[in-house]
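Thank you all for coming. I would like to walk you slowly through one structure that may be new to you, so please have the sequence and the model in view as I go.

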Amino acid sequence: MDRFVFLTVDGLSRGAVYAAFALALVLIWRAARVVNFAQGAMAVAAAYVAYTVSTATGSYWLGFVVAIVAGLLLGALVDRAVMRHVDHASPLNPVIVALGLVLLIQAVLGMVYGSEFRPAEAPFSRSALTVGGVAVLSPYDLFVFATIGVVVSGLAWMFARTPVGLRMRAAAFAPEVSRLLGVNVGGMLTLGWALASGVGALAAMLVLPTELGLHPHAMDLVFVSAFTAAVVGGLDSPPGAVVGGLVVGLLLSYVSGYAGSDLTPLAVLVLLLAVLLVRPGGLFAPVAARRV
Amino acid sequence: MSATRAALPPKEQLDEQGGRPVDRRHGSTLLRHLAVVLAAGLLLVAVSYSVEPFRNFQLATVAAYLCATAGLTVLTGLNGQLSLGHGALMATGAYTVALCQTAFADRGMTGGWLLPLSLAAAIVSTVAVGAVVGVAAARLRGPYLAGVTLAVAVVVPALAVTFDGVFNGEQGLSVPVEPPPLSLGPYFPYERWQLWVTGAATLLALLLLANLIRSRYGRTFRAVRDDEVAARLAGIHVARTQVLAFVVSAATAGLGGALLAVLAQSVSPGAFSLTLSLFLLMAVVIGGLGRLTGALWGAVLLVALPDLTHSVTEMLTLSPAVAQRLEGNLPLAIFGLTLIVVMIAAPGGVQGLLSRLGRALLARRPTRRS
């Protein structure tokens, strides 16, 4: 029972990060109909910037802020410099370009920082506090939950309540009409990319201390897990992405706790295939007519 | 069928009786392809005698990659299915060959027929894996398909570590390969033999692929890619066609992986990372999607570019640590950048540019055309 509680809390903490990362994927998918396969590499790039700043100044928090800013800028840059110019006629094209970005970013990081693992420090202790003899939460888990909670509710508030959020939703769902009504559709798209990339950078900052450390390929498996989370929730639904992230986090935690951590990648693949074959629109999708 | 016909440019005039387009290239397709393959084979033998052993080895590597890229270009270019999992399929073929060859060597079996047998086993096992992935893939579109195959590419190499009793973890397996047969003479260079073996296997695979592309099946592949609804209305079973394309592509990827394993005489999960899958995709996109010649350009690039960057970094005077970082990553950066630029500026790739150039040259000499 102790073990079950521990694994559940650990899974939820990990799942919160997947949820944020999946949310970043969903944001771009809703805005541009592109699954950003370069999300992981972009987030690692931001985390490397944070690493440089933190080691130069000795301040974790400065690095943390810099990572998010770098993520925002990188997202805007990728949209303006690359994705804007891709022919979206075939859905293959943006995917292929994003993969080119993955190669490019990982290679540049490898050239600048080398491909050895760098330690990623955690701002709080990762050893769990015990409540009534049961190890439950570590201060770091609390930090993760709080941060993700603030980000997710902040995004929800922004999209639902602010004029900018309304414009972004309008630009995503009816670009032509929005343009006629005076919405800067291109700017909203760039803003969407920046926001998503910033959230991705934040997720990377939160997940890296719990993994092996900083490495150009550090987010490959995290990306696959987050993609699975987004698919579980349905690519179109932000609340679905959050739930999907928690589900994937819990599943991975149980699998690695009870069956061995080697099996977690396989578990992700099986879950992804199962969801796509049984409910391709995600668990929360309304029943829709399928295009041939 | 009619869907593809309708898409043909009006330049190909219709025959009055049958309403069929007249193929300007006369003669049997099979014979023409056989002639090309025969010429390529003779050229390969001639080249293998005239260049140094290392170049022979490099050519053999190109041939092995060509197997995989040709299969991928049929799948992505002709059938419109994107696969990021071909590195994993190559790993399947490579590990099968390693296990077969080790089993043969352990039982003390020798003979020239063992290697073809192992290669066939590699193809069979990859076909099985490809059929499983293909059945799933046929139900998926666009980014979903890319995501699943990406997961396959990330997960399958990790399985080698999970089941390290069979696959020996990160260390990998060695592939015992017999020396060239004695009938070729006692001092026959090993690299030349490698080129002959991989070249023969690849040319055979290319011959089959080229015929497939020109056949009824190739046309249904393209019809499904262009418009699934129209293809279904024309009586094509869309899902079956997609699974078939995936299986064919998987088979060639497995053969390519098996040939790579035979060349390197070892397999390890590190050799079949996600980066390899991205490399293959990059190679077919840069070469020109959907063209076998494009796959050739891509395969050449895969071998030549790392070599080129190696010589560039050697020319610059750098500290060893910096040089090592550059050497490992510069080809990746160039590949990535080229992929982006090609996708944005020239979606037809190298072969598309070449054929545009060729058409432009032909158009300048109007007397030659009629």
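Chain A has an average pLDDT of 87, with 96% of the residues scoring at least 70, while for chain B the mean is 83 and 91% of the residues reach 70 or more.

Within chain A, the confidence is lowest in strand β2, residues 134-135, where the mean is 68, and highest in helix α3, residues 60-81, where it is 93. In chain B, the lowest value belongs to helix α1, residues 2-7, with a mean of 39, and the highest to helix α11, residues 238-264, with 93. Over residues 1-22 of chain B the pLDDT stays under 50, and for that stretch the model has 23 contacts beyond four places in sequence. Where pLDDT is low, the predicted coordinates should not be read in detail.

Let me stay with chain B for a moment, and look at the chain as a whole. Its secondary structure comes to 16 helices and 2 strands, and its C-alpha atoms fill a box of roughly 65 × 50 × 45 Å along the principal axes. Buried residues account for 48% of the 370 residues of chain B, and, among contacts in chain B with a separation of 6 or more, 81% are between residues 24 or more positions apart.

Now to the place where the two chains meet. How many residues of chain A are in contact with chain B? There are 42 of them, and they contact 41 residues of chain B. On the chain A side, the elements that give two or more residues are α4 (92-113), α9 (220-233) and α11 (264-278), and the largest share, 16 residues, comes from α4(A). That side of chain A divides into 32 nonpolar, 7 polar and 3 charged residues.

After α9(A) comes G234(A), whose phi is positive, near 90°.

Helix α5 of chain A, residues 139-161, can be checked in the same manner: its 23 residues should span 33 Å, and the end C-alpha atoms lie 32 Å apart, in agreement. The buried residues of α5(A) are D141(A), V144(A), I148(A), V151(A) and V152(A), and what covers them includes α1 (2-32), α8 (185-207) and α10 (238-258) of chain A.

The largest nonpolar core has 219 residues, of which A20(A) and A47(A) touch the most other members. Leaving aside residues up to four places away in sequence, A47(A) touches A67(A), A201(A), A204(A), M205(A), L208(A) and L214(A).

Q39(A) lies in helix α2 of chain A, and it counts as buried because it has 31 C-beta neighbours inside 10 Å. Beyond four places in sequence, Q39(A) touches A24(A), L25(A), G200(A) and F223(A). Between Q39(A) and L23(A) there are 16 residues of separation in sequence and 11 Å in space, C-alpha to C-alpha.

Finally, a word about backbone angles. Most residues other than glycine have a negative phi. R33(A), which is not a glycine, has a positive phi near 55°, and it sits in the loop between α1 and α2 of chain A, where it counts as partly exposed because it has 14 C-beta neighbours inside 10 Å. In chain B, Q265(B) also has a positive phi, of about 60°, without being a glycine. Q265(B) is placed in the loop between α11 and β2 of chain B, and with 13 C-beta neighbours inside 10 Å it counts as partly exposed.

Terms used. Residues are numbered from 1 along each chain as its sequence is written. Chains are lettered from A and ligands numbered from 1 in the order in which they are written. This is a predicted model: local features need pLDDT of at least 70, side-chain atom pairs count only at pLDDT 80 or more; totals for chains, interfaces and linings use all residues. Two residues are in contact if their C-beta atoms, placed from the backbone, lie within 7 Å. Helices (H or I, at least four residues) and strands (E, at least two) are DSSP runs, numbered from the N terminus. Ala, Val, Leu, Ile, Met, Phe, Trp, Tyr, Cys and Pro count as nonpolar, Asp, Glu, Lys and Arg as charged, and the others, Gly among them, as polar. A residue is buried if 20 or more other C-beta atoms lie within 10 Å of its own, exposed if 12 or fewer, and partly exposed in between; C-beta atoms are placed from the backbone. pLDDT is the predictor's confidence in each residue, from 0 to 100. The expected span of a helix is 1.5 Å times one less than its number of residues. A nonpolar core is a set of buried Ala, Val, Leu, Ile, Met, Phe, Trp, Tyr and Cys residues joined through C-beta atoms within 7 Å.
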